[in-house]
Amino acid sequence: MQLPDAEQLIAQLAAAMRPHITPATALVGIHTGGVWLAQRLHALLGLSQPLGSIDVSFYRDDYGAKGLHPQPQKSEIPFDVEGAHIVIVDDVLYTGRTTRAALNELFDYGRPARVDLAVLIDRGGRELPIAARFCALTLGEPLPAGQNLQLERDDSGALTMRLIHA
């Protein structure tokens, strides 16, 4: 499989989002790739709200089966969620379960007026009725269950996609 250029996809995603975003829109990235992507989008879109981040480890429906992620991150929502327009940002949309967990956690902070989802890649294979409003690339064929796409960041901050065989 030819992996897409992550930097090009980020530019496409920002362009797709720009007409629907105001300076008051808040971004919340899902750890870890979603946070990196949200940081880039935040700068490209010139948003004034501080950037938020969520680690959904404790909100996942498979927490009992998988246990705690070995390196949980801190969730931080440094703005008032109540009545806000929020875009949850993640690198890859797969089953929809991570997005569902992020929504559950976000609503613990308050009731936003609107929540959208922005992803770099939709790889198919949905198990829940969740769709991204903003998506840079939808794969023509879903990836097999044993393969994962992962966003990686090098020391210079450049982002790339990597295919991992589980």
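How many helices and strands does the secondary structure of the chain come to? Four helices and seven strands. Helices here are DSSP runs of H or I with at least four residues, strands are runs of E with at least two, and both are numbered from the N terminus.

A word on the source. This is a predicted model, so local features need pLDDT of at least 70 and side-chain atom pairs count only at pLDDT 80 or more, while totals for chains, interfaces and linings use all residues. Residues are numbered from 1 along each chain as its sequence is written, and side-chain values use heavy atoms, with hydrogens and water left out.

Overall layout. Along the sequence the pattern reads α-β-α-β-α-β-α-β-β-β-β. The radius of gyration is 15 Å, close to the 15 Å that the globule rule gives for 166 residues, so the chain is as compact as a globular protein of that length. That radius is taken over C-alpha atoms, and the rule is 2.2 Å times the number of residues to the power 0.38. The C-alpha trace spans about 40 × 40 × 35 Å along its principal axes. Of the 166 residues, 44% are buried. Buried means under 20% relative accessible area, exposed means over 50%, and partly exposed is in between, with a 1.4 Å probe and protein chains only.

Now strand β3, residues 85-93. Nine of its nine residues are buried, so β3 is largely enclosed by the rest of the structure. What does β3 pair with? Strand β1, residues 26-30, pairs with β3 in the parallel sense over four bridges. Two strands pair if DSSP finds at least two bridges between them. V28 has I88 in β3 as its bridge partner. Strand β4, residues 114-122, also runs parallel to β3, joined by eight bridges. There, V87 stands opposite D116 in β4. From β3 the chain crosses through helix α4, residues 97-108, to β4, and this β-α-β crossover is right-handed. Right-handed means that, with the strands pointing away from the viewer, the path from the first strand over the helix to the second runs clockwise.

Next, the loops. T32 sits in the loop between β1 and α2. A cis peptide bond joins H31 and T32, with omega about 0°. S57 is in the loop between β2 and α3. Is S57 buried or exposed? Buried, at a relative accessible area of 10%. Its side chain makes a polar contact of 2.6 Å with the side chain of D55. A polar contact is a pair of N or O atoms within 3.5 Å; within protein, one must be able to donate a hydrogen and the other to accept it, and residues adjacent in sequence count only if both atoms are side-chain atoms.

P129 lies in the loop between β4 and β5. P129 is exposed, with a relative accessible area of 85%. P129 and P144 are 15 residues apart in sequence and 20 Å apart in space, C-alpha to C-alpha.

On to the hairpin. Strands β6, residues 147-153, and β7, residues 159-165, run antiparallel, joined by seven bridges. R153 has L159 in β7 as its bridge partner. Five residues lie between the two strands, and G157 in the turn has a positive phi of about 95°.

Last, a ring. R123 lies over the face of Y94, 3.6 Å from the ring centre. The rule asks for NZ of Lys or CZ of Arg within 6 Å of the ring centre and within 35 degrees of the ring normal.
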